[in-house]
Amino acid sequence: MMNPGLQYPIFGPEIQCPHCRQTIPALTLTDTYLCPRHGAFEANPKNGELIHLQSGRHWRRWNNEWYRQHTHPDGIRFEIHEALDKLYTQGYRATRVIIARRYQELMSGYLERSTPWRSGQPEAASARLYGLPVEFSPDSSEDPSWEVINFDLEKEPGVPVRYPYFRLFE
């Protein structure tokens with residue numbers, strides 16, 4: 001008798017589509033999930049990634065949430081911009097962006113930098129994105145969530161004084 005768990009991909013008989021969040025079924029005896037809106041996703045049991053076959057985008061899961069794994073700075077910048085807009089509509093303002101350390105090299109050329117001799121701040125503290133201070137996360141060996149999640153926004157209640165997030169892709 002075959003173990004029923006072996007009939008499905010590594011994430012089980014169904015998952016939420018990373019794009020539209022609707023529940024989608026696994027195709028038995030394959031490593032594939034099929035979304036009626038977004039097509040096929042293949043689960044890679046070796047690295048725990050979900051790959052959208054049509055676009056080649058990679059996703060990883062942490063605490064039952066899917067996080068896209070970016071290979072280009074515009075992807076993560078767009079994702080941060082969307083999160084800032086969502087905060088704004090919920091009545092919050094972001095005070096700082098913490099980006100996963102694995103994206104530090106990818107993002108370094110896209111961060112705004114103030115001149116240290118003018119600002120009086122050390123160079124490390126001068127990186128900004130959409131007008132907000134940027135820090136990079138601890139190493140994923142210290143906090144494994146940073147191996148999957150892309151960024152975190154520190155926030156506080158209120159509307160931004162100058163809504164700086166309109167400057168997408170300057």
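Q: In the hairpin of β4 and β5, which residue takes a positive phi?
A: This is a predicted model: local features need pLDDT of at least 70, side-chain atom pairs count only at pLDDT 80 or more, and totals for chains, interfaces and linings use all residues. Residues are numbered from 1 along each chain as its sequence is written, and side-chain values use heavy atoms, leaving out hydrogens and water. Strands (E, at least two residues) and helices (H or I, at least four) are DSSP runs numbered from the N terminus. Four residues lie between the strands of this hairpin, and the positive phi, near 70°, belongs to Gly48.

Q: How many bridges join β4 to β5?
A: Strand β4 covers residues 39-44 and runs antiparallel to β5. Asn44 has Glu49 of β5 as its bridge partner. Strands pair if DSSP finds at least two bridges between them. For β4 and β5 the number is four.

Q: Which residue of β6 stands opposite Ile51?
A: β5 also pairs with β6 (residues 58-62), antiparallel and over two bridges. Their hairpin has five residues between the strands, and Gly56 there takes a positive phi near 80°. Opposite Ile51 stands His58.

Q: Which residues of β5 point the other way from Glu49 and Ile51?
A: In a regular strand, side chains alternate between the two faces of the sheet. β5 spans residues 49-52, and Glu49 and Ile51 share one direction. All four named residues are buried, that is, under 20% relative accessible area with a 1.4 Å probe and protein chains only (exposed is over 50%, partly exposed in between). Pointing the other way are Leu50 and His52.

Q: What is the reach of α1 from its first C-alpha to its last?
A: Helix α1 runs over residues 73-89 and has 17 residues. The expected span is 1.5 Å times one less than the number of residues.

Q: Which residue just after α1 takes a positive phi?
A: Buried residues of α1 include Ile76, Ile80, Leu84 and Leu87. Their cover includes β8 (92-99), α2 (104-107), β10 (127-129), β11 (132-136) and β12 (151-157). Just beyond the helix, phi is about 85° at Gly91.

Q: How many residues has the largest nonpolar core?
A: Such a core is a set of buried Ala, Val, Leu, Ile, Met, Phe, Trp, Tyr and Cys residues joined through side-chain atoms within 4.5 Å. Ile80, Ile99, Leu129 and Val134 have the most contacts inside the largest one. α1, β8, β10, β11 and β12 each supply at least two of its residues.

Q: What is the angle between the planes of Phe11 and Trp66?
A: Rings of Phe, Tyr and Trp (its six-membered ring) pair if their centres lie within 6.5 Å; planes under 30 degrees apart are stacked, over 60 edge-to-face, and the rest tilted. Phe11 and Tyr33 are tilted, 6.5 Å centre to centre with 40° between the planes. Phe11 and Trp66, 5.0 Å centre to centre, are edge-to-face at 90°.

Q: How many residues apart are Phe11 and Trp66?
A: Both residues are buried. Phe11 lies in the segment before β1, while Trp66 lies in strand β7 (residues 65-69). Their separation in residues is 55.

Q: Over which ring does the charged end of Lys155 sit?
A: This label needs NZ of Lys or CZ of Arg within 6 Å of the ring centre and within 35 degrees of the ring normal. Lys155 is 4.5 Å from the centre of its ring, which belongs to Tyr92.

Technical notes. Contact = heavy atoms within 4.5 Å.
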